[in-house]
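Colleague: I have a model open and some questions about how its parts pack. Can we go through it piece by piece?

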Amino acid sequence: MKVLIVGSGGREHAIAVSMKKSSRVDRIYCVPGNAGIAQVAECEPSIGVMEFDKIISYAREKAVDLVFVAPDDPLVGGLVDALQTAGLRAFGPDRKAAELEGSKAFSKDLMKKYGIPTAAYETFDDPGEALRYLETAKMPIVLKADGLALGKGVLICNTLEEARAGVKEIMEDKHFGNAGNRMVVEEFMTGREVSVLSFVDGRTIKPMTSAQDHKRAKDGDQGLNTGGMGNFSPSPFYTEEVDAFCREHIYQPTVDAMAAEGRPFKGVIFFGLMLTPEGPKVLEYNARFGDPEAQVVLCRMKNDIMDVVDACIDGTLDQVELEFEDNAAVCVVLASDGYPVSYQKGFEIHGLEKFEGREDYYCFHAGSKLDGQGRVVTNGGRVLGVTAKGATLKEARTKAYEAVDWVGFENKYMRHDIGKAIEEV
């Protein structure tokens with residue numbers, strides 16, 4: 001088979017590496033790709049993820065058998081619909097199903113209607129109404145831009161003053177663009193956060209192994225929200241009891257709710273969960289693989305990824321048994337200092353060759369490119385996802401932090417406490 005992957009981050013690199021391992025995949029293409037993906041795929045950096053006509057033309061030119069749409073923007077924008085209309089086989093939810101991530105108000109209303117556990121909330125189109133509501137609301141409180149905001153449109157406000165400033169930032173100053181035209185105000189939940197990715201074929205859902213993200217930019221969960229500074233899998237806090245509850249009350253009910261709404265979901269649903277004292281609740285849905293969740297989950301999956309992808313598209317996922325290695329993985333993101341606000345790029349990355357031929361070590365590229373001299377240089381806020389597998393989480397964590405020293409670039413920055421919570425278990 002020939003496969004085209006749409007996207008350019010660490011998630012897409014992890015997907016490409018999984019595709020490379022498939023016995024059924026001969027050729028991989030990627031638009032726009034990055035310097036790491038270029039090691040396993042033929043990349044076309046001149047085509048952007050929202051240039052639907054160009055993607056369709058490129059897919060036809062290369063005679064691909066499947067287009068794997070990985071990022072949120074093209075999914076919510078309807079790239080899968082456009083590909084299907086053009087007669088191309090595509091993996092990912094269509095526009096109506098991708099609304100599960102595209103609108104937080106939609107997803108919260110869906111959960112309320114179908115009794116899926118989540119935080120209490122209110123939705124606002126008018127900043128004045130939001131401010132009046134906040135006058136009597138219990139603090140801390142959470143403000144969420146309704147639309148896509150690169151994983152950063154969530155503000156946790158500890159005081160009324162912070163909440164007022166948050167309304168201004170989201171709805172008036174439009175810090176997150178049109179994503180802030182509507183806003184969800186949500187009760188603040190406490191507990192452990194866990195991520196569970198799952199394959200879905202419209203009716204059947206197959207959860208993957210659990211993972212746990214680190215969103216804040218700085219050690220000790222300080223600083224601004226980012227797209228993710230690191231991850232580990234599995235989460236020791238995601239017990240068999242939690243899994244059984246989520247399967248019965250969250251996972252299957254979500255798939256059934258989407259089908260009942262005339263929005264059958266095919267692809268990957270990311271469940272962001274909060275393990276509260278009252279039980280697991282949904283923090284958020286994403287309509288695709290998370291980043292860097294994909295990096296720690298896919299490297300542990302034993303199945304041929306193409307078998308699972310086909311089953312999702314064809315509605316035969318009930319015939320697939322997902323299998324994962326009995327081990328653990330930890331990913332530490334190497335970022336550009338200053339991320340997620342402002343940072344310099346274009347610095348040469350050294351030491352990438354040290355990962356070649358090593359078992360259990362991966363260096364997934366997120367923000368890299370080849371410059372005019374054929375050198376690999378930084379090209380984003382999150383640059384690399386250094387990932388290691390080990391027999392236990394502690395071993396994987398030790399190996400990942402050993403490997404971060406193998407590579408370097410001028411303004412390299414990372415958190416030093418990824419997976420530290422596992423020491424408490």
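Colleague: Which residues point one way from strand S14, and which the other way?
Modeller: In S14 (residues 230–233), Gly230 and Phe232 point one way and Asn231 and Ser233 the other way. All are buried, where buried means under 20% relative accessible area, exposed over 50% and partly exposed in between, with a 1.4 Å probe and protein chains only. Strands (E, at least two residues) and helices (H or I, at least four) are DSSP runs, numbered from the N terminus.

Colleague: What should I know about the model before reading on?
Modeller: This is a predicted model, in which local features need pLDDT of at least 70, side-chain atom pairs count only at pLDDT 80 or more, and totals for chains, interfaces and linings use all residues. Residues are numbered from 1 along each chain as its sequence is written, and side-chain values use heavy atoms, with hydrogens and water left out.

Colleague: Back to S14. How many bridges join S11 to S14?
Modeller: Two, between S14 and strand S11 (residues 205–213), and the strands run antiparallel. Two strands pair if DSSP finds at least two bridges between them. Aspartate 213 has asparagine 231 in S14 as its bridge partner.

Colleague: And S14 with S17, how many bridges there?
Modeller: Four, again in the antiparallel sense, with S17 covering residues 328–336. Glycine 230 stands opposite valine 332 in S17.

Colleague: Is aspartate 213 buried or exposed?
Modeller: Aspartate 213 is buried, at a relative accessible area of 19%. This residue belongs to strand S11.

Colleague: What does aspartate 213 touch?
Modeller: Not counting residues up to four places away in sequence, aspartate 213 touches Ser195, Gly227, Gly228, Met229, Gly230, Asn231, Pro292 and Glu293. Contact means heavy atoms within 4.5 Å.

Colleague: New topic, helices. At what angle do the axes of H7 and H8 cross?
Modeller: Roughly 165 degrees, for H7 (residues 127–134) and H8 (residues 160–172), whose axes come within 10 Å. Axes are lines fitted to C-alpha atoms, for helices over the stretch in contact, and angles run from 0 to 180 degrees between N-to-C directions. H7 and H8 are therefore roughly antiparallel to each other; angles under 35 degrees count as roughly parallel, over 145 as roughly antiparallel, 65 to 115 as roughly perpendicular and the rest as oblique.

Colleague: Which residues meet there?
Modeller: From H7, Pro127, Ala130, Leu131 and Leu134; from H8, Leu160, Ala163, Arg164, Val167, Met171 and Glu172. By class, the contact of H7 with H8 has eight nonpolar residues, no polar ones and two charged. Ala, Val, Leu, Ile, Met, Phe, Trp, Tyr, Cys and Pro count as nonpolar, Asp, Glu, Lys and Arg as charged, and the others, Gly among them, as polar.

Colleague: What about H6 and H9, at what angle do they pack?
Modeller: H6 (residues 104–114) and H9 (residues 240–260) pack at about 105 degrees, with their axes 10 Å apart. That makes H6 roughly perpendicular to H9. Phe106, Leu110 and Tyr114 in H6 meet Ala257, Met258 and Ala260 in H9. The residues of this contact divide into six nonpolar, no polar and no charged.

Colleague: Now the sheet with S7 in it. What is the strand order?
Modeller: S6-S9-S7-S8, an open sheet of four strands with antiparallel pairing. S6 (121–124) and S8 (154–157) are at the edges with a single partner strand each, so one side of each is left without a neighbour in the sheet. From one strand to the next, the twist averages 20 degrees. S7 (residues 141–145) pairs with S8 over four bridges, and leucine 143 stands opposite leucine 155 in S8. H8 packs on this sheet, touching S6, S7, S8 and S9 (183–187), and its direction makes about 5 degrees with that of S7.

Colleague: And what order does the sheet of five strands have?
Modeller: S3-S2-S1-S4-S5, open, with parallel pairing. Its edge strands are S3 (42–43) and S5 (90–91), each pairing on one side only. Two bridges join S4 (residues 66–69) to S5, and phenylalanine 68 has phenylalanine 91 in S5 as its bridge partner. Helix H1 (residues 10–21) packs on the sheet, touching S1 (2–7), S2 (27–32) and S4, with its direction at about 170 degrees to that of S1. Helix H2 (residues 52–61) lies across S1, S2, S3 and S4, at about 160 degrees to S1.
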